[in-house]
Amino acid sequence: MIDVGHDDRAGRRVTLRPVDDDNWRAVADVAPRDDQRRFVAALGARYLLLSMRSEVWNSLAVYADETVVGHVMWGVDDDGSHWIGGMLIDAAEQAQGVGRATVQTLAPWLAARDGNPPVRLSYHPDNTPAAALYTSLGFHPTGAMDDDELIAERTP
């Protein structure tokens, strides 16, 4: 479990835990709001399959106290950079600071691995809430693109 002491706005502790036999169904059922589906997968199941079929991505369940409220992935690129991807917070749990607490929990954990590498993520240029969140957490666009998404980086 990754727990660096961040709570959401309701005072629930946000932790990141491995996806396992007890929580995978709840993670697979995580779904964003309908208006977000052009930016993220329609269900957490897509990200779970990606991490199962990829040698790069590792899935984590996002918990608020003892309830699964989301999904996030992390991975290490060939250049040694560490990535946050596939963050999906369930529609019913949004606007409560869970996404912020997730990034605040995962980014320093990734930065502490393997000699303090840069931490990167990507988002669609039209996803202004994501851009605002990531900028407020110290991520800055690099000018590079990954398919149709902007790449942002937080350096140590």
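## Strand pairing

In this predicted model, Gly 75 has Trp 83, a residue of E4, as its bridge partner. The pairing of E3 with E4 is antiparallel and extends over 6 bridges. Strands of a sheet pair through backbone hydrogen bonds, in either a parallel or an antiparallel sense.

The sheet as a whole is open and consists of 7 strands in the order E1-E2-E3-E4-E5-E7-E6, with mixed pairing. Its edges are formed by strand E1 (14-18) and strand E6 (140-146), each of which pairs on one side only. On average, neighbouring strands are turned by 35 degrees against each other, direction ignored.

## The hairpin of E6 and E7

E6 also pairs in the antiparallel sense with strand E7 (residues 149-154), over 4 bridges. Within this pair, Met 145 has Leu 150 of E7 as its bridge partner. The hairpin has 2 residues between the strands, and Asp 147 takes a positive phi near 55 degrees there.

## Helices on the sheet

Which residues of helix H2 (residues 44-53) are buried? They are Gly 44, Tyr 47, Leu 48 and Ser 51. Viewed down the axis of H2, these buried residues fall within an arc of 105 degrees, and therefore line one face of the helix. The face turned away from the buried side carries the exposed residues Arg 46 and Arg 53. The cover over the buried residues of H2 includes helix H1 (24-28) together with strands E2 (57-64), E3 (67-76) and E4 (82-89).

E3 and E4, the antiparallel pair with 6 bridges, are also touched by H2 as it packs on the sheet, as is E2; the direction of H2 makes about 145 degrees with that of E2. Helix H4 (residues 128-136) likewise packs on the sheet, where it touches E4 and strand E5 (119-123). The direction of H4 makes about 165 degrees with that of E5.

## Helix H3

Helix H3 (residues 98-111) comprises 14 residues and reaches 20 Å from its first C-alpha to its last, close to the 20 Å expected at 1.5 Å a residue. H3 is mostly covered, with 10 of its 14 residues buried.

## Nonpolar cores

The largest nonpolar core has 29 residues. Those with the most contacts inside this core are Val 62, Val 72, Ile 84, Val 103, Leu 106, Tyr 134 and Phe 139. Two or more residues each come from E1, E2, E3, E4, H3, E5 and H4. H3 provides the largest share, 7 residues.

Val 72 illustrates the packing: leaving aside residues up to four places away in sequence, Val 72 touches Leu 16, Asn 58, Ser 59, Leu 60, Val 62, Ile 84, Gly 85, Gly 86, Met 87, Thr 102 and Leu 106. A second, separate core has 11 residues, including Ala 41, Tyr 47, Ala 61 and Leu 88.

## Arg 33

Where is Arg 33 placed? Arg 33 lies in the loop between H1 and H2. Arg 33 counts as partly exposed because its relative accessibility is 37%, which falls between the limits of 20% for buried and 50% for exposed. Apart from residues up to four places away in sequence, Arg 33 touches Ala 91 and Gln 94. Arg 33 and Pro 118 are 85 residues apart in sequence and 30 Å apart in space, C-alpha to C-alpha.

Note on methods
Residues numbered from 1 in each chain as written. Predicted model: local features only at pLDDT ≥ 70, side-chain atom pairs only at ≥ 80, totals over all residues. Heavy atoms only, no water. Buried < 20%, exposed > 50% of the residue type's maximum accessible area, 1.4 Å probe, protein only. Arc of directions from axis to C-beta. Contact = heavy atoms within 4.5 Å. Pairing = 2+ DSSP bridges. Axes fitted to C-alpha atoms, helices over the stretch in contact; angles between N-to-C directions. Expected span 1.5 Å × (residues − 1). Core = buried A, V, L, I, M, F, W, Y, C linked by side-chain atoms within 4.5 Å.
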